[in-house]
Amino acid sequence: MKTKVGRYITEQFYEGLKDYLVNEKEEILAKAYEMGRKSLQEGYTELNIIEMYKSAQLRLNENGLEFDTKEKFNRASRYLTEWLAPYEVRLRSYRDMIKKLNTKNDQLEKEIENRKQAEKELQRSRAYFQTLIENAQDIITILDHKGIIRYESPSVERILGYEPKELNGRDAFQYLHEDDREKVLKLFAEVVANPNLVHTAEYRFRHKSGKWVYLESIAKNIPDSMDGPVVVVNSRDITDRISNIRKLEENKVQLAEAQRIAKVGSWEWNPGIKGNELEWSEEMCRIYGVKPENFDHSYDTFIERVHPDDRERTQRIIKRCLENKESCSFEHKIIRTDGEVRTLLCMGHMITDENDKVVKMIGTGQDVTEQKEKEKKLKEYSEQLRKLSARIERAREEERIRISREVHDELGQMLTVLKMDISMLNSEMREMLPDDTHTFFHNEAQKVLERINVIIKSVQRITTELRPEVLDDLGLKDAIEWQAQEFSNRTGIDIHFSSGISDTDFLDDEQSTTLFRIFQETLTNVLRHAKATTVDINLRKENNHIQLIIVDDGIGITQKEKEASTSLGLIGMRERTQLLGGSVSIEGEKEKGTKVVLTIPFEKTEKNK
């Protein structure tokens, strides 16, 4: 095959195969057949032809014409088949060989295609993970077994201020806070010594600016046969979380202190959990006299601490709140672990989910024992003040009666005697004095008598205001009617009085006097503030009570005026009626007047005795 003929045939085989791979023409196959006959004549065997085929295939690959598709393999097979066609005797065996070769070619083609696909997937995965690492919010670090930084993800610049190249090749532990370094070194050594071991740690890492950043890192040992084990560390900035936790702890301390000062504890109860379903704050435990570490968080323990007198009522209230999903506020007594009885004001609020199902109940418990004691004492003082006020009012009324009688009896009698003396003196002077002198004296005496009459009327008015005789002589009904008429005559305000009561003998002196004085105060308020033109007065019985209703058509009293601490007249009216077990109702409507309703029971209550 090294002869000129051999070289010629080999070259013709190569050129023909190359042409047929590029241009699939029948004349090329025809020429291949002719060349096959010539090869046979020159003594070439089938093996020689196969060797030429392989040699030509290698040359084509070297020259850039690769057998990288199924079509090229098929063309090469057809070309080889035509070249071997003259070898008719061995054609069948060659065809079997070619068939096997084609099968191998198909397998090779599939293997090449699978390899290409795998390479594409690998490249895609590399690009995907590279993108994840470059855009990760956390820092991804690779350390060798000595703690030297081999890789830093780009996020390190955003979190710690360093460019990755500034840290690569450096000892990672030199950037750790000295108080955290020993702890982290110990954990790192454990990770390095144990393949696939995972450790988590929190520590401080020095920022490029010099400040300390809190990191939370997860480290894992990944075996590496070439360079030894490497440790992959995923780190997250938790500075804000640490700051928030500290603020939360500070707030908890402040809340605990505020609860201690206010004696208000907080609690949280989950009625759907059996066991540790109740949480108490430290102040709540202190109120109950329980150490927090000894509290078993049991609802049953809470119920056991409720005073037996209030236990059933407390359970009933809680049950109603759960059923109605409503808030509650109630007082109950508890028994502390030391046996002391305290009073608590409990307030609770229901928390429901999106299905309106109760998930928990939260609330507060305030120790109001001292407050209740103060309220009790204040109530006793108020009662004493009311009794003192009643006693003062009675003494004042008695003093009015005494003064009224003394003024009426003594001053009235003296004025009457003086009037009689002047009249008698005037008569006697008529005989003793000349006419012109007597006339002068008579005129002066008449002026004095007129002044005395005015004084007598003033005395009568004063004594009436101090204690109307009609109240003692005729009773409350006539006294009110008389006072109303006097008020109308004096002010010009139109008064209408009505009553379905024939007499008020069923009232004692104190009740009659109180009603009459309140009536006088009401008329005074009408004159001062109401700007009314008409007043309607009604005195009636209502069950076992007597009612006095005064309605005017004035400007109407406002809510602010009713509640003002300077409204001493209204305060006095309420105090007087409360002393008799009664009540005062005052209603006003702007530009439509005011309605005052006094209600007093017929008989004194026990507290008024």
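This is a predicted model: local features need pLDDT of at least 70, side-chain atom pairs count only at pLDDT 80 or more; totals for chains, interfaces and linings use all residues.
Five strands form an open sheet in the order 7-6-10-9-8, and their pairing is antiparallel. The edges are held by strand 7, residues 278-280, and strand 8, residues 328-335; each has a single partner strand, so one side of each is left without a neighbour in the sheet. From one strand to the next, the twist averages 25 degrees.

I turn now to the individual pairings. Strand 8 pairs with strand 9, residues 341-352, in the antiparallel sense over eight bridges. Within this pairing, S329 has M347 of strand 9 as its bridge partner. Helix 12, residues 308-324, packs on the sheet, where it touches strand 6 (264-269), strand 8, strand 9 and strand 10 (358-367). The direction of helix 12 makes about 150 degrees with that of strand 8.

Strand 6 runs antiparallel to strand 10, to which six bridges join it, and antiparallel to strand 7, with three bridges. What does E268 face on each side? In strand 10, E268 stands opposite I362; in strand 7, its bridge partner is E279.

Finally, I should like to consider helix 3, residues 46-62. At 1.5 Å a residue, its 17 residues should span 24 Å, and because the end C-alpha atoms are 24 Å apart, the expectation and the model agree. Buried residues in helix 3 include I49, I50, M52, Y53 and L60, and also E46, N48 and Q57. Just after this helix, G64 takes a positive phi of about 90 degrees.

Terms used. Residues are numbered from 1 along each chain as its sequence is written. Side-chain values use heavy atoms; hydrogens and water are left out. Two strands pair if DSSP finds at least two bridges between them. Helices (H or I, at least four residues) and strands (E, at least two) are DSSP runs, numbered from the N terminus. Axes are lines fitted to C-alpha atoms, for helices over the stretch in contact, and angles run from 0 to 180 degrees between N-to-C directions. Contact means heavy atoms within 4.5 Å. The expected span of a helix is 1.5 Å times one less than its number of residues. Buried means under 20% relative accessible area, exposed over 50%, partly exposed in between (1.4 Å probe, protein chains only).
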